[in-house]
Each structure stands twice: as C-alpha cells, then as structure tokens.
Amino acid sequence: MTLSKVLLTESERISAFLQYRFSRDALGFLCESYLELPPQPPFGRRTLVLFAHFDLQGIVDPYVTYYLRALHRLGATIVFVSASAILSAETVAPIRPFCAGIYTRRTLSFDFGSWHLAWCILRQRGWSLDQFDRFVIANDSVFGPLFPLEEMWGTFHGADMYGAIENTQMLSHLQSFFLAWDLNSRTRPFLNDLWDEFRYPVHKGTLIWRYEVGLSRRARKAGLGVKPFVSAAAIRTAGGRSSQLLGSKRSGRSNGTLYFWDGLIEDFRFPFLKATVVRDKRFHESITHLRDVIEQHTPYPYRLIQSNMERLGRRSYALPR
C-alpha cells in the first residue's frame with residue numbers, strides 16, 4: 001500500500017471515529033442490508049451469534065458458509081455483519097438459510113466494530129438478551145469446524161464465559177475468534193454494559209489491549225467465571241512437544257493456534273485452524289503436512305481450504321502435492 005493510501009485510510013478512520021463520538025449512532029456505519037432481522041427472534045433458537053466477516057474481494061467464501069451451517073445446527077440465531085462494504089447477491093444467497101440478518105458496514109475497529117454494529121441493530125429491532133440462553137461472538141478468521149462443534153460446545157459449563165483457546169500473550173485471555181457466554185443475572189448486565197460503552201478504537205494496538213485482551217480481564221474483574229476449551233497449561237503439557245515449540249508465556253509464540261496448530265488438532269480435537277497459518281508466508285515451512293493432518297485426523301473437507309487459497313491467488317505448501 002502506498003503512503004498516500006495509508007494516510008487516506010488513517011484519515012478516514014479518524015473521521016469515522018469522530019463522527020461516531022459526537023453522534024453516538026453506530027448505525028451510521030451501516031452500508032447495505034441484505035436480510036433484515038424479523039421483529040422477533042426465530043422460535044426455539046436460543047443461542048444468539050454475532051458473526052463478523054471480511055473479504056478483500058467482497059465474497060462470502062464456501063468455508064464461511066460451512067461454518068455458518070454448523071453454528072445454525074447448534075440452534076443459533078445468527079446476525080452476519082461484513083466489513084466488506086459490497087457483497088453480491090450471488091455470494092449472499094448460500095448463507096441466507098442460516099442467518100436471521102445480513103448486513104455490510106464501513107470498516108472501523110475490525111471485528112469488534114462488526115459485532116458492535118450487530119448489537120446496535122438488535123437493539124433497534126427491539127431484541128434483547130432476555131430472549132436467549134447463550135451469546136456468542138465469532139468470525140471468519142478460522143477454517144472449521146474441523147470436528148463436530150457439539151464436542152467443544154458440550155464442555156461449556158461450570159463458568160460464565162467460554163472460549164475456544166487461552167492465549168497468554170500480554171495477559172492471559174481467551175482469543176476472541178470464538179467466545180461464548182451463558183446468559184444469567186451476572187452476564188446479561190456485563191454484556192449490556194460492554195457493548196453500550198463500546199468506543200470504536202482507531203488504532204489496532206488500542207483495540208487489542210482494550211477488547212481482545214481486556215475482555216477476559218474485564219470479565220474476571222466483574223466476578224465472571226472464565227473457561228477455555230483448551231487452556232494454555234494443557235498445551236504446555238501435551239506430551240512435552242508443545243513446550244519445545246511455544247515461546248515464553250508473554251511472547252508472540254505463546255499463541256498455540258499459530259505455533260501448535262497440528263498438536264491442537266491431533267491431541268485436543270480442536271475445531272479450528274487459523275486462516276493466518278495457511279495464508280501467511282511466515283508459517284509455510286510449518287504446514288508442509290497440513291493436508292495430511294486435516295485428511296487423516298478430521299472429517300473437514302480440505303477442498304474448502306484449497307479453494308480459498310486458490311481464489312486469493314496465494315500459493316502455499318499446503319496445496320496439492
């Protein structure tokens with residue numbers, strides 16, 4: 001990206017932030033409504049999922065549709081918000097059966113901006129957390145579920161807030177690509193306050209510290225029980241292998257989804273593979289056996305990973321041998 005484009009993007013972000021700061025109207029970030037929420041949530045679907053999407057080409061990839069279908073099977077009511085301002089009717093059609101609402105928005109504050117806009121749309125339509133038993137935020141930064149999502153879902157009990165995996169980088173926290181809350185007298189006020197007070201940080205570092213890392217810290221401070229499907233301690237004791245791959249507790253290499261992805265699949269039946277592992281050249285040497293791991297250990301259709309990489313025009317050692 002040229003310097004002029006970087007400055008323009010930064011200027012647009014600051015302008016959008018200032019606009020929201022004075023108007024307090026997040027609905028101003030809304031671009032298109034492809035499927036409006038009904039006046040009331042669908043009957044019997046007691047899990048509310050806010051799903052954040054982004055694609056440079058404005059496409060809802062088949063791997064995303066696969067993921068949404070799995071969430072829908074859990075009995076979820078899904079509100080889909082894309083930070084790609086324009087989606088074609090053709091690319092939206094496959095996800096319509098699984099979503100209660102489909103929207104696009106101006107890009108600001110990454111996935112948290114999409115989740116917050118979804119929250120504001122819910123409020124505008126008169127929906128509330130009282131109509132649900134569980135609340136989830138998720139995004140398209142992962143391929144999956146590699147295993148039946150019910151396996152992880154069934155372990156979410158005995159706490160208030162749950163996540164797919166714990167990360168100790170900076171501070172111990174649950175990674176935000178999949179977070180869930182049991183809705184009760186403690187979590188409903190917590191979530192209402194969280195989203196009502198959201199401030200759309202402009203800079204990525206501020207967003208990570210305040211929300212990606214800060215969300216778990218805020219939950220613990222509020223007295224909520226926090227529980228990961230896979231804990232950092234479990235990763236470090238998985239046959240001794242992970243301790244050789246991961247860095248110190250506070251280093252970037254403490255992120256098991258990037259540096260222990262194969263062990264998570266083989267040892268924990270972890271249901272997600274971060275797309276960064278496949279797309280980022282830094283990890284290409286570590287994924288030469290990706291296809292073998294996926295096909296030998298999971299029922300996930302590897303063609304979804306392959307087709308996504310081919311569409312993006314990125315070569316990877318993980319593609320056909």
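1. Arginine 188 is buried, at 18% relative accessible area. Buried means under 20% relative accessible area, exposed means over 50%, and partly exposed lies in between (1.4 Å probe, protein chains only). Arginine 188 makes a salt bridge to aspartate 130, with the closest N and O atoms 3.4 Å apart. A salt bridge here is a side-chain nitrogen of Lys or Arg within 4 Å of a carboxyl oxygen of Asp or Glu. The pair links distant parts of the chain: arginine 188 is in helix 6 (residues 187-196), aspartate 130 in the loop between helix 4 and strand 5, and 58 residues separate them. Aspartate 130 is exposed, at 56%.

2. A word on the basis. This is a predicted model, in which local features need pLDDT of at least 70 and side-chain atom pairs count only at pLDDT 80 or more, while totals for chains, interfaces and linings use all residues. Residues are numbered from 1 along each chain as its sequence is written, and side-chain values use heavy atoms, with hydrogens and water left out. Helices (H or I, at least four residues) and strands (E, at least two) are DSSP runs, numbered from the N terminus.

3. The salt bridges number 11. One of them joins arginine 311 to aspartate 55, at 2.6 Å from N to O. Arginine 311 lies in helix 14 (residues 303-312) and aspartate 55 in the loop between strand 2 and helix 2, so the bridge ties together parts that are 256 residues apart in sequence. Aspartate 55 is buried, at 10% relative accessible area. Another bridge pairs arginine 282 with aspartate 280, the closest N and O atoms being 2.8 Å apart. Arginine 282 is exposed at 61%, and aspartate 280 is partly exposed at 22%. Shared partners join Asp55, Asp61 and Arg311 into one salt-bridge network.

4. Now the aromatics. Rings of Phe, Tyr and Trp (its six-membered ring) pair if their centres lie within 6.5 Å; planes under 30 degrees apart are stacked, over 60 edge-to-face, and the rest tilted. The count is 21 aromatic pairs. Phenylalanine 51 and tyrosine 67 are edge-to-face, 5.4 Å centre to centre with 75 degrees between the planes. Phenylalanine 51 is in strand 2 (residues 47-53) and tyrosine 67 in helix 2 (residues 62-73), so this pair ties together parts 16 residues apart in sequence. Phenylalanine 51 is buried at 1%, and tyrosine 67 is buried at 1%. One aromatic cluster includes Phe51, Tyr67, Phe80 and Trp153.

5. Arginine 134 places its charged end over the ring of tryptophan 153, 4.5 Å from the ring centre. The test is NZ of Lys or CZ of Arg within 6 Å of the ring centre and within 35 degrees of the ring normal. The charged end of arginine 218 sits over the ring of phenylalanine 190, 5.9 Å from its centre.

6. Helix 4 (residues 110-124) is mostly covered. Of its 15 residues, 11 are buried, among them Trp115, His116, Trp119 and Cys120. Helix 4 reaches 22 Å from its first C-alpha to its last, close to the expected 21 Å (1.5 Å times one less than the number of residues). Just after helix 4, glycine 126 takes a positive phi of about 85 degrees.

7. Methionine 170 is partly exposed, at 35% relative accessible area. The residue is in the loop between strand 7 (161-167) and strand 8 (173-174).
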